[in-house]
Amino acid sequence: MARSFHEPMYLFLCSLFVNELYGSTGLFPLLLFQILKDVHMVSASLCFLQVFCLYSYGLIEFLTLSVMSYDRYLAICFPLQYNTRMTSNKVAMFTALIWFYPILINVIIVYGLTEPLHLCGNVIDKVYCDNYCIVKLACSDITANNIFGLCHVFGVIIFLIILIVYTYMRILKVCFSGSKQTRHKAVSTCTPHLVSLMNFSFGVFFEILQSRFNMTNVPSMMRIFLSLYWLTGQPFVNPLLHGLKMTKIRIVYKSLLFGKRM
């Protein structure tokens with residue numbers, strides 16, 4: 001059983017689940033402490049640490065989903081060449097990239113660009129610390145922050161979106177031209193990933209929308225729920241989604257629940 005989970009797809013899933021634990025750790029302990037103690041203030045150091053954790057979580061999540069879409073593309077479009085194209089060295093390289101790049105880039109953003117700013121206020125209208133809200137409080141010049149942010153968005157985020165769209169276009173092409181068995185394999189392996197990607201994208205889209213535009217016409221409880229969704233939706237949805245749809249994981253669940261030998 002253990003060896004069967006050494007496939008790249010399951011290793012990337014493991015990375016995804018570990019990241020969701022990491023993101024939850026960056027949000028819930030401080031949030032629960034503030035709720036239980038009825039405290040509405042946080043130290044600057046803890047605030048910047050939370051920004052670092054949450055932003056690195058978001059980028060790790062998106063990078064992992066992007067790599068998983070590339071992995072599914074190779075498995076469906078090049079099944080006979082999959083093992084030679086997705087080697088253990090490539091899996092290790094992708095996993096290292098997924099984790100080290102977001103950590104490095106957020107060290108630069110949070111501690112190199114945002115923390116040195118001189119702030120003219122200390123009120124953040126959110127239940128957690130947000131980098132963009134902190135930057136909006138700055139009295140000093142934020143040109144470097146804006147330039148770096150735009151370069152990051154167009155250099156990395158847009159590339160990942162293009163990669164995901166391209167891989168799924170190729171997968172759809174194979175589905176329409178392939179056999180019934182190929183279509184069934186594509187649907188069974190891609191559906192959990194696609195739903196997870198859409199779920200995360202919805203949460204991030206509303207978070208960006210709320211940060212950039214005036215959303216006072218939306219009820220406050222709805223704003224809080226949707227601003228937390230990109231952080232809380234994935235850890236709740238993904239384990240069930242992948243566990244129910246993927247045969248090997250479902251078999252393990254059954255063996256743990258009913259004590260059957262595998």
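Me: Which residues do ring pairs link into a cluster?

Reply: In this predicted model, ring pairs join Tyr70, Tyr73, Phe78, Phe94 and Tyr166 into a cluster.

Me: Why is the pair of tyrosine 70 and phenylalanine 94 called edge-to-face?

Reply: The ring centres of tyrosine 70 and phenylalanine 94 are 6.0 Å apart, and rings pair if their centres lie within 6.5 Å. Their planes stand at 70 degrees, and an angle over 60 counts as edge-to-face. The pair is therefore edge-to-face. It links distant parts of the chain, with tyrosine 70 in helix 2 and phenylalanine 94 in helix 4 (residues 88-114), 24 residues apart.

Me: What makes tyrosine 70 partly exposed?

Reply: Tyrosine 70 has a relative accessibility of 24%. Buried means under 20% and exposed means over 50%, with partly exposed in between, so tyrosine 70 counts as partly exposed. Phenylalanine 94, at 15%, is buried.

Me: How many aromatic pairs are there in the model?

Reply: The count comes to ten aromatic pairs. One of them is formed by tyrosine 57 and tryptophan 230, with 5.9 Å from centre to centre and 45 degrees between the planes.

Me: Why is the pair of tyrosine 57 and tryptophan 230 called tilted?

Reply: Planes under 30 degrees apart count as stacked and those over 60 as edge-to-face, while the rest are tilted. The angle for tyrosine 57 and tryptophan 230 is 45 degrees, and the pair is tilted. Tyrosine 57 lies in helix 2 (residues 44-77) and tryptophan 230 in helix 8 (residues 220-245), 173 residues apart.

Me: How do you know whether tyrosine 57 is buried or exposed?

Reply: The relative accessible area of tyrosine 57 is 0%. Buried means under 20%, so tyrosine 57 is buried. Tryptophan 230, at 8%, also counts as buried.

Me: What lies over the face of phenylalanine 78?

Reply: Arginine 85 lies there, at 4.0 Å from the ring centre. The limit for that distance is 6 Å.

Me: Which residues are closest to the centre of the largest pocket?

Reply: The largest pocket has a volume of about 1200 Å³. Of its 35 lining residues, Tyr55, His152, Val153, Ile208 and Arg212 are the closest to the centre. Helix 6 provides the largest share of the lining, ten residues. By class, the lining has 22 nonpolar, ten polar and three charged residues.

Key: Residues are numbered from 1 along each chain as its sequence is written. This is a predicted model: local features need pLDDT of at least 70, side-chain atom pairs count only at pLDDT 80 or more; totals for chains, interfaces and linings use all residues. Side-chain values use heavy atoms; hydrogens and water are left out. Helices (H or I, at least four residues) and strands (E, at least two) are DSSP runs, numbered from the N terminus. Buried means under 20% relative accessible area, exposed over 50%, partly exposed in between (1.4 Å probe, protein chains only). A charge sits over a ring if NZ of Lys or CZ of Arg is within 6 Å of the ring centre and within 35 degrees of the ring normal. On a 1 Å grid over the protein atoms alone, a cavity is a set of points where a 1.4 Å probe fits but cannot get out, and a pocket is an open set with protein on both sides within 12 Å along at least five of seven lines; lining residues have an atom within 4 Å of a point. Grid points are joined across faces, edges and corners, and a volume is the space filled by probe spheres set on the points. Ala, Val, Leu, Ile, Met, Phe, Trp, Tyr, Cys and Pro count as nonpolar, Asp, Glu, Lys and Arg as charged, and the others, Gly among them, as polar.
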